[in-house]
Amino acid sequence: MRKIGIIGLGHVGATVAYTLFTHGIADELVLIDKNDDKVTAEYNDLRDALAVNNYYVQIKMQDWDALKDADVIVTAFGDVSETVKATDRFAEFKSNAKKAKKVGHKIKKSGFKGVLLNISDPCDAITAILQKSSDLKKNRVFGTGTYLGTARMQRIIGEKLGQNPVNVEGFVLGENGSAQFVAWSTVRVNNKIALQLFNEDDQKKISDKPNENSFAVAKGKGYTCYAIATCAVRLIQAVFSDARLYASVSAYDPEYKTYIGYPAIIGSDGIEQLVELKLTEDEHNKLTASANKIKKHLKELKK
């Protein structure tokens with residue numbers, strides 16, 4: 001039985017639930033949200049599809065105790081309108097930090113021992129709070145982080161070169177927000193070094209695009225959901241199948257002493273290992289600045 005709890009049934013959480021339901025990835029879903037009407041609506045809407053869905057999925061709602069034997073919990077709570085209005089993911093930090101502490105304590109109380117995947121923004125800082133409050137091992141708590149930023153970078157570079165995005169290798173690293181950056185030393189297109197394909201001006205424009213595109217989507221529809229939900233589902237599948245997926249996610253990095261977007265191997269135990277990159281001095285400085293930004297906000301929260 002592949003059992004998944006989803007905490008937060010907004011646009012992203014609901015899209016994750018729907019994808020898991022229609023793709024046969026989950027055998028059981030536990031839906032939890034502070035808004036009883038919303039979670040009840042999502043619960044009934046999914047159940048109404050059972051007779052015509054290709055897969056049978058058991059669904060429960062508002063049952064924290066049911067999380068005890070879940071394999072994976074996805075946290076997707078928050079008020080995206082705050083982020084969209086400010087064009088800054090840290091606009092949600094204070095409110096989501098309080099929610100993360102409450103959610104983490106409830107997860108701990110449930111007896112959950114599986115893998116926790118966080119989507120809530122600001123992803124790195126909230127992931128850190130969830131890990132501490134849930135008392136789960138650091139490797140068993142991680143966030144989507146720069147996984148989507150990396151996918152956006154692959155799509156942007158692929159389009160510019162007339163290539164399928166899957167032909168683009170490399171990573172967006174750092175804080176999942178304004179401090180993220182394309183680590184150009186890691187980028188290859190059909191095994192060609194990307195630094196040789198773009199001048200410095202193009203590199204700068206492309207580096208800014210992943211974060212900008214997030215807000216371009218949010219400005220038009222008020223939120224983002226499809227791309228980030230797809231990323232979350234892919235990571236859930238990696239945990240279920242012990243895929244040892246190589247991806248840039250929000251993982252705890254002992255060197256920087258914080259959760260931050262960095263490549264890791266994802267398997268049944270969550271973060272199986274970090275994969276050290278040989279970054280340039282400039283990239284290393286940017287990563288350090290990202291880590292300091294995350295730690296600064298977490299430190300200020302304690303005051």
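Axes here are lines fitted to C-alpha atoms, for helices over the stretch in contact, and the angles between their N-to-C directions run from 0 to 180 degrees. Contact means heavy atoms within 4.5 Å.

Good morning. This is a predicted model, in which local features need pLDDT of at least 70, side-chain atom pairs count only at pLDDT 80 or more, and totals for chains, interfaces and linings use all residues. Residues are numbered from 1 along each chain as its sequence is written, and side-chain values use heavy atoms, with hydrogens and water left out.

My subject is helix 1, residues 11-22. Helices are DSSP runs of H or I with at least four residues, strands are runs of E with at least two, and both are numbered from the N terminus.

Is helix 1 enclosed or open? Among the buried residues are Val12, Leu20 and Phe21. Their cover includes strand 1, strand 2 and helix 8.

Helix 2 also belongs to that cover. The two helices pack at about 20°, with axes 11 Å apart; they are therefore roughly parallel (an angle under 35 degrees). Ala14, Ala17, Tyr18 and Phe21 of helix 1 meet Lys38, Glu42 and Leu46 of helix 2. These contact residues comprise five nonpolar, no polar and two charged.

Conventions: The expected span of a helix is 1.5 Å times one less than its number of residues. Buried means under 20% relative accessible area, exposed over 50%, partly exposed in between (1.4 Å probe, protein chains only). Angles under 35 degrees count as roughly parallel, over 145 as roughly antiparallel, 65 to 115 as roughly perpendicular and the rest as oblique. Ala, Val, Leu, Ile, Met, Phe, Trp, Tyr, Cys and Pro count as nonpolar, Asp, Glu, Lys and Arg as charged, and the others, Gly among them, as polar.
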